Amino acid sequence: MSDFRNLAKRAFRMPMSRRNPEPPTVRSEPPTPTGQKSLIDSALYRDGRRVHTPESLAETYRMARADPATMAWIGLRKPSEAELVSLAAEFDLHELALEDAMEAHQRAKLERYGETLFVVLRAARYNDASESVDFSELHIFVGPGFVLTVRHGRAPDLSAVRQRMESEPELLARGHEAVLYAIFDAVVDGYAPVVAGLRNDIDEIETEVFGGDPAVSRRIYELSREVVQFERAVRPLAGMLKALAAGWEKYDVDPELRRYLRDVADHAAVVMEQVDTFRHALADMLTVNATLVAQQQNAEMQAMTQASLEQNEEIKRISSWAAILFAPTLIGTVYGMNFDIPELKLAFGYPMALAMMVTTCVGLYLVFKRRNWL
């Protein structure tokens, strides 16, 4: 990044052709890399119609200097440092804005550097295969006579925005503000499929919650995280659009573009309301799921306790009958020994032994019955 700062500082010391155009024979070309793989599309427009389609940044610069009445619209995807430095030299871009454009993972924001606006938008795309939301960044430089877009990701489809604007030359003729608002509109419209996908996921989760799916808690958490990320992309739009509206009078914005901006702001507000609804719905689902899980665990514990109690009762019965049956066995075992004892010589020794067995069994039965073991 320090090397990039040095390159940018050297570029800022160059004269700025778009603000003070000079003859091409006097001014040398800014440094432009030979490989233009990051250049998606470059065009010059006059009165809302494409008049030139340069194939490189250097050619764009030459044509723009030769015809100051045109507006340059350059679209890039992950440009190199050299490309950004050449753009800074040509269009007088601020060093801090260039640093942000060079690196992704910026928050959505709008900053003004003199007559140049620097806008960071976070586009979103719903992935049906993985049922997840993919986020990407779009950095936009807008100033008198130029629009620069730097994409970090697949969304949004700026070629569709360009085609739409070229099909409406009256709108495109209103200048760089019209392009900026069209890009805002494309990003906000791109949120609609995301909202639909998230709503469908939430409906599925609601069914799973009341269906007793044990893995639903993890899915609720993952979807909540995506909703939070989506909220971070959408929430700053209200302030950004409000800031643009605050400059209408100062920068004499076309009345038709003002209506266009209000429409975009309304759509963004609707999306934000949906996001708030999703966030609260997921929080409620997480609470309900926790309650249902607790109830299910309590029911399982009660079932286990009941089973344990029933098992204890069975053990009591088995133990009681074992003790009752053991008593006569013990008496019979003693009398069955080969010893010369007086009891064996008595006339009533055998009946007495049987009586002892019966008495002992009856006594044990009554004891266990009183203690509810039988």
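Visitor: What do the buried residues of H2 pack against?
Guide: They pack against strand S1 (39–46), strand S3 (71–77) and helix H3 (81–91). Contact means heavy atoms within 4.5 Å. Helices (H or I, at least four residues) and strands (E, at least two) are DSSP runs, numbered from the N terminus.

Visitor: Is this model predicted or what? What are the ground rules?
Guide: This is a predicted model: local features need pLDDT of at least 70, side-chain atom pairs count only at pLDDT 80 or more, and totals for chains, interfaces and linings use all residues. Residues are numbered from 1 along each chain as its sequence is written, and side-chain values use heavy atoms, with hydrogens and water left out.

Visitor: Back to H2. Which residues are buried there?
Guide: In helix H2 (residues 57–66) they are Leu57, Ala58, Thr60, Tyr61, Ala64 and Arg65. They sit on the same side of H2, because they cover an arc of only 160 degrees around the axis. That arc is taken from the directions from the helix axis to the C-beta atoms. Buried means under 20% relative accessible area, exposed over 50%, partly exposed in between (1.4 Å probe, protein chains only).

Visitor: New topic. How many aromatic pairs are there?
Guide: The whole structure has 6. Rings of Phe, Tyr and Trp (its six-membered ring) pair if their centres lie within 6.5 Å; planes under 30 degrees apart count as stacked, over 60 as edge-to-face and the rest as tilted.

Visitor: Where do Phe91 and Phe146 sit?
Guide: Phe91 is in helix H3 and Phe146 in strand S7 (residues 146–152), 55 residues apart. Both are buried. With Tyr61, they form one aromatic cluster.

Visitor: And salt bridges, how many?
Guide: The structure holds 19. Each is a side-chain nitrogen of Lys or Arg within 4 Å of a carboxyl oxygen of Asp or Glu. One of them joins Glu208 and Arg219 (2.9 Å, N to O). Glu208 lies in helix H8 (residues 191–211) and Arg219 in helix H9 (residues 216–234), so the pair ties together parts 11 residues apart in sequence.

Visitor: Glu208, what's its relative accessible area?
Guide: Glu208 has 23%, so it is partly exposed.

Visitor: What about Arg317, which residue does it bridge to?
Guide: Arg317 pairs with Glu314, with the closest N and O atoms 3.3 Å apart. They are 3 residues apart in helix H12 (residues 255–335), so about one helical turn separates them.
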